[in-house]
Every structure is written in structure tokens, then in C-alpha cells.
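Student: I would like to go through this model with you, term by term. Please hold each label against its cut-off.

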Amino acid sequence: MKRDYSLETLAIQGGFSPEDGESRVAPIIQSTTFQYHSAEKVANLFALEEEGYFYTRLANPTVGFAEEKLATLEGGVGAIGTSSGQAATSLVVFTLCQAGDRILAHSNLYGGTMNLFTHTLKRLGIETDFVNIDATDEEIEALITDKHKLFFTETLANPGLEISDIERFSKIAHDHEMPLVVDNTFATPYLCRPFDFGADIIIHSSSKYLDGHAVALGGFVVDSGNFDWEKSSKFKDFVEPDPTYNDISFTETFGNSAFILRARTNYMRDYGVMMSPMNGWLTNLGMETLAVRMDRHSENALKIAEFLEGEEKIQSLKYPGLKSSPYYDLAQKYLPKGQSGVISFSFESREKAQEFIDGLELISLVVHVADVRSHILHPASMTHSQLTEKELEEAGIDPGLVRLSVGIEKVEDILDDIKKALGNI
Ligand SMILES: *Cc1c(COP(=O)(O)O)cnc(C)c1O
């Protein structure tokens, strides 16, 4: 599909293009394997001399339609579907880092990413230096060493809703010969395309807005194709002969797709964190309505945030679409079409937050955000419950904080539910 259509059109028609007599809707190829009639052909596939499917751990046509659609939406050269968002982040780290290397990351990331970076990767000898999202260039640069292989940020942070100044951070990353990796889960490519601001690699938890209906766990890694792996002194293994593939050099053989191909051929091969065909199909279907959903999520969330702003039972309120938000200017730059559906606000205590949650009827208590239904959760006792008090504070999460994921129901119904629950406390 031509890429010069608008995002609204590409979300629907990108990815799968049927030939004569094929199904109009992307089919599910629910098969682990693919048949060939020549041994030489299969040998060529294994040697990366020809392209084709042979085993679903490496690639599957249905997952491929979703990968192609998302790569088109983000403006990248290629994407890989993974079994979850966590798997996408892990795959990026495994492709770029080895024991002894370091990651530079913002300290306000999603709780699962924080655990992965702080504890699990440390066991493998990969350590992370965290820096505040509002730190100056000098403060950030003071942390960077030759060992740092990537800078990791979230476009719109979960759950603090800070907005990352992607242009500024990509410049710092590039000055130190490393890629900027952006978790674009909360923004989605409809609201922000990080590659347009200098990001090099994007990850998604497609379990959120991309699927949009809370039916399929999944993730994606997307490659901009813009990072110069040959010029950087930090990624010799992308340039030097790879003994597991006939001593080919990935940069020489695959040019600006070196990263995404190496992620698939070496690390998807070895770690096996592939998206299933069924989840690829569901995610592809969900992405078709991304544009209309994101408009409505953003519109509803702004109305609710404006209502909450005048409520005295609420101590603090975070929504970057509000003029009073310290991130309002960055929101206008990076998310001009809308600031997505998640609002964080806090009550004076953990107990009051729990009372409010228990008083809701329409808005449901689930450990999920970013789908068509309105949901609420309490980060300190749920998603971020494994963080220490100090880590909670650094992540901007106080015990009375709740995270509301505004759905696409009629906004008056959502507001009525909130008003009633506020009246009870
Ligand atoms: C949910 C989430 C993840 C992890 O994704 P899973 O699909 O749950 O593994 C990563 N980043 C952000 C911003 C998320 O919201």
C-alpha cells in the first residue's frame, strides 16, 4: 500500500492487500509451519538468501499484516510482533546489549519496564541508570558512558502522564552514538509519530490502544531505519561478520533494515517471544478503528479532566491537555490532535482513593488501561506495588493516586458515575 495516504486511511487499509479472489479481510494463517517442494529453497531461506515463511516463531503472514500496518503508521522500515509489550522491550534490549552494557532510562516508566530494567536485566549483567524526565541536558549527559547502548523513554508516561521531549532526547542519544528507544503505547502513532522527532526505535504494548478492545496481549518493535549502526562505535556486532549466518555483515547485507532483521533472525529465533497468529489477527482488526477511537478517547478525557479540575476532593490532577498542566506546551507540540485517554488524579489518602473506586459502577476496576471501556486502577497497590516507597516517589506515584482510563462511552454517563462516587466520600 502506498504510504502517502493519511493515517486514518492507512490504519484501515494498510498491511494486507488482497490479490484477485483472495479474502478482503486479512486471513488467519493458523499454522506453525509452511511447506516447500525444494530442499535448496529451504536452505536458502535459512541462509537469509531468500525471503519466505518457514516457522511461525520467526514470522507468520497474519502477524506480518499487523507488522506491516503498524510500520506504515509509524513511518518505519519494518516491525516485529511480539507476545506482549514486555517482550517487545526485552527484544530491543537483547538486540542492542550484552553483559557489561548499560541502559539510560527515564525514571517515570511503566512499572513492568521499571522491574525489568532495575532487577531482571541486572541479573544478566545489564544495568540501568535512571534520570528524571525534567533533567537538563547537562544532568543527563553526566550519566552517559561508552557502555550505554540505548536511551529509553515513553512518549506519554504511564501513569504520570509526563510528555517526553523526544527531539531533545534524540539529540542527546545521537551525540553519544546510541539510539533513542520510545515506548509509544499511550500515544499510538495516530496521536504522535516519534520517528518524526528523531526517535530510532519504537516499542508498543499492543495490549492497549492498538488492540483497543482488551482481547489480545501483544507488542511490537518498530525500526525507523535511520540510525547509522556503521558510524556508531558501539554496535560492532551489527557490522562485523555474524558466525550464525554464514559470516554475513548485517549492515552490509540489509542496509538500514539491519536492526529489525537482526532482532528477528537472531533474537526472536533464540528467545521465541513471537506474537501468535490469532493475536496478530485481532490486533490488526483493532488497529483498523484506531483513528476514530483515539479522537473519542482524547475528547472524552479532556472533558472529564476539565470537570475534575474544579473538584475540591481531588488533591492533584494530571492530564497534559489541561492548560494548567506543566506539560501543556509539550503536549501541543507532540500530541496536537489529542492527549489520549488516561488521566491520573489523587485523593488525600490511600483509603479515600479506594472508597472512590468502590463507589463507581460504570467505570470498572480492572488491571488494564487503554481500551474502549472506562476503567480505573490504583497504581500503588496494583501495577506499581512492587516498587519501594522511594521508587514510587521517583515515579511520581503517591498512595492516593488513581489512574482513570477513559473509554469511548457517552461522556455524560462516565461523568455521572464519577460525580456519584465523589459524592460518597
Ligand atoms: C502495558 C504497558 C507495557 C507492557 O505491555 P504488556 O503488553 O502488558 O506486556 C509497556 N509499556 C507501557 C507504557 C504499558 O502501558
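Tutor: This is a predicted model, where local features need pLDDT of at least 70, side-chain atom pairs count only at pLDDT 80 or more, and totals for chains, interfaces and linings use all residues. Residues are numbered from 1 along each chain as its sequence is written, and side-chain values use heavy atoms, with hydrogens and water left out.

Student: What is the strand order in the open sheet of seven strands?

Tutor: The order is 1-7-6-5-4-2-3, and the pairing is mixed. Strands (E, at least two residues) and helices (H or I, at least four) are DSSP runs, numbered from the N terminus.

Student: What makes strand 1 and strand 3 edge strands?

Tutor: Strand 1 (78-82) and strand 3 (127-131) each pair on one side only. Two strands pair if DSSP finds at least two bridges between them.

Student: How do you know that strand 5 pairs with strand 6?

Tutor: Three bridges join strand 5 (residues 180-183) to strand 6 (residues 201-205). The definition asks for at least two, so they count as paired. The two strands run parallel. One of the bridges links V182 with I202 in strand 6.

Student: Which strands does helix 7 touch?

Tutor: Helix 7 (residues 166-175) packs on the sheet and touches strand 2, strand 4 and strand 5. Contact means heavy atoms within 4.5 Å. The helix direction makes about 145 degrees with that of strand 5. Axes are lines fitted to C-alpha atoms, for helices over the stretch in contact, and angles run from 0 to 180 degrees between N-to-C directions.

Student: Why are strand 8 and strand 10 said to stand at the edges?

Tutor: They belong to an open sheet of five strands, in the order 8-9-12-11-10. Strand 8 (316-318) and strand 10 (364-365) each have a single partner strand, so one side of each is left without a neighbour in the sheet.

Student: Why is C192 called buried?

Tutor: Buried means under 20% relative accessible area, exposed over 50%, partly exposed in between (1.4 Å probe, protein chains only). C192 has 2%, so it is buried. C97, at 9%, is buried too.
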